[in-house]
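The following paragraphs lead the reader through selected features of the structure shown below.

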Amino acid sequence: MMNEVLGEPDFYSDDDTLHEECGVFGILGHDDAATLTALGLHALQHRGQEAAGIVSYDGHVFHQEKHMGLVGDHYTNPQTLANLPGNRAIGHTRYSTTGETALRNVQPLFAELEVGGIAIAHNGNLTNGLTIRRQLIASGAICQSTSDSEVVLHLIARSRHAKSSERFVDAIRQIEGGFAMIAMTRSKLIAARDPVGIRPLVMGELDGKPIFCSETCALDIIGAKYIRDVENGEVIICQLQKDGEVTIKTIKPKDHKPEKLCLFEYVYFARPDSIMGGRSVYNARKNMGIYLAKEAPCDGDVVVPVPDGGTPAAIGYAQQSGIPFELGIIRNHYVGRTFIEPTQQIRAFGVKLKHSANRPVIEGKRVILIDDSIVRGTTSIKIVQMLREAGAKEVHIRVASPMIFYPDFYGIDTPEASKLLANQFPDLKSMCEFIGADSLQFLSLDGLYMAVGGEVRNNADPQFTDHYFTGDYPTRLVDEENADNVHKLSVLNCGG
C-alpha cells in the first residue's frame, strides 16, 4: 500500500495526532449543579478543547451557555454561572472532526418538544447518523446543526411513546455506532451507552445526587463517589421527585453482549488518573511500556518519553529494561494553536514551541524515545531532528501501541487511511528511514491486550474495540456503505 510518490512531508501540519471528540457531564438535584458541571468539564478538558456548553433547568425554564474555547476561559466567570440557575445541569466539551467549528454545533443541543424541553450531549459518533438524517430531511425535517446528536432529537420528537424517557429509549434503539449520551428533561437525567460499549460513561454520586460523566477524573475533582460504569447498551433514568428524592430506573438490552471498550482510551485519550472498565489507565500504560521492553529491547543510555502521553509507558520500559528514565524532552503546556503564525519561517519552530530538548540529558547519549502512538509520523520526524540537534548520539523509537492501519468511525478523528504512516511504507525499515531514527519498533497487538486486559486477543471474539489496528469493526458502518448517498447530503459531518 506504499504511495508511489510520497513527496515532501507536511512538516507544519498540526494534525499528526488522534483526537477524541468530546466529554460529557451531568448532575441531577444538586443546588450547585452548574458549578459542579463546569468543574467536571474542566477535568474532561483533554477530551475536547474547541468549545464547551452547559444547559441547566431551574424548575421553570431551561438556561444555556455555549462558548468557543476552553472551559476555564468562560465558566470561571461568576456571571456566566449565574446565568445557569437550577439544581440540574448537563455539560459538554467538544473537539470537532470533519465539520465546521461553529457555535451552532456546540452541545448540549436543546429542543422544545411535545413532551417538554430536552437537552442532549454525547460523546462518540453514529455510524448511521447521516443515513437517518437523509431520511428525516426527505420526510420534511429541518436540521439546524451538523451534529449527529440532532438526529437523536428528531427521533425523540417523532416517537409515539407518551413519556420523554420512553421516547429517548425508542430513539436510542434506532441508532448505531459508538456513543455515550446524557439527556436532561424537566425532571429527569438520562444516561445511555452504545450496545458495544465503545465509548466510556460512568455513574457517580455526590450528596446523594446522581452524576454521569465520561471519566472518573471528573468525579474526583468535585469529591464525588464512583458508583459503577454504565453498562454497554444500558439506559439509566434518574427522576427527581417533588420531595427531592431521586428514583433510578435501569433498562438493559435483551441481547446483552460483553463490553468492547475502545483500546485507544487506554493508549491515549483517557486521563492517566482515571479508572476505566475497572482498570487503572496509568497502570495499563505503564504495562504497555513493560511489554514493549520485553518485545523490543534496545541498547541505550536513557529512556525518554514524548510528553505527556508517552510518560507512563516510558516509566514501565525503564523499569523493565533497567535503563534510566529521564525527562529528555520538556513540554510547554502554555502554547495554543493560534500562537503559531502562518509563515513558513515561524512554523518551522512549531515543534520547539511545544517540546524542548533537555540538552544535558540528551547530549552524547543513545536515546530510547517512547511514544504512545504514531499516526502520520511527521511529529516523530521533528522530534528526532530536535534530539539530534541537542547532541543525541543515537535515537531509537519504541511505540507503546501497534501500527495504525485503519480509520475510525466511532468518534476518533483519524486521517484517511492513505495518510497513515503504516500505509505509506512496506516495512519498518523504510518507516524508520522516513522518520530519521536509528531503529523503530511497535508494541504487538497481543502485547497491548496483555497490558490492558491481562490476556492475549481472542481473535474469534475480541475483548476490546481495536479496528484501527486490525480492520475488525465491531458494528455496521451504515453511512460508509451508503456513502454515495449520504455524502451528497452534506459535506459537514460533526459527530458529538
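**A parallel sheet and its helices**

Asp371 has Val399, in strand S21, as its bridge partner. The model is a predicted one, in which local features need pLDDT of at least 70 and side-chain atom pairs count only at pLDDT 80 or more, while totals for chains, interfaces and linings use all residues. Residues are numbered from 1 along each chain as its sequence is written, and side-chain values use heavy atoms, with hydrogens and water left out.

Strand S20 (residues 366–371) pairs with strand S21 (residues 394–399) in the parallel sense, over 6 bridges. Strands are DSSP runs of E with at least two residues, helices are runs of H or I with at least four, and both are numbered from the N terminus; two strands pair if DSSP finds at least two bridges between them.

Helix H14 (residues 378–389) packs on the sheet and touches S20 and S21, its direction making about 145° with that of S21. Contact here means heavy atoms within 4.5 Å. Angles run from 0 to 180 degrees between N-to-C directions, with axes fitted as lines to C-alpha atoms, for helices over the stretch in contact. Helix H15 (residues 428–435) lies across S21 and S23, at about 120° to S23.

The open sheet as a whole has 4 strands in the order S17-S20-S21-S23, with parallel pairing. Strands S17 (302–305) and S23 (439–442) are at the edges; each has a single partner strand, so one side of each lacks a neighbour in the sheet. From one strand to the next, the twist averages 25°.

Elsewhere, Thr35 belongs to helix H1 (residues 33–43). Thr35 and Leu81 are 46 residues apart in sequence, with 6.5 Å between their C-alpha atoms.
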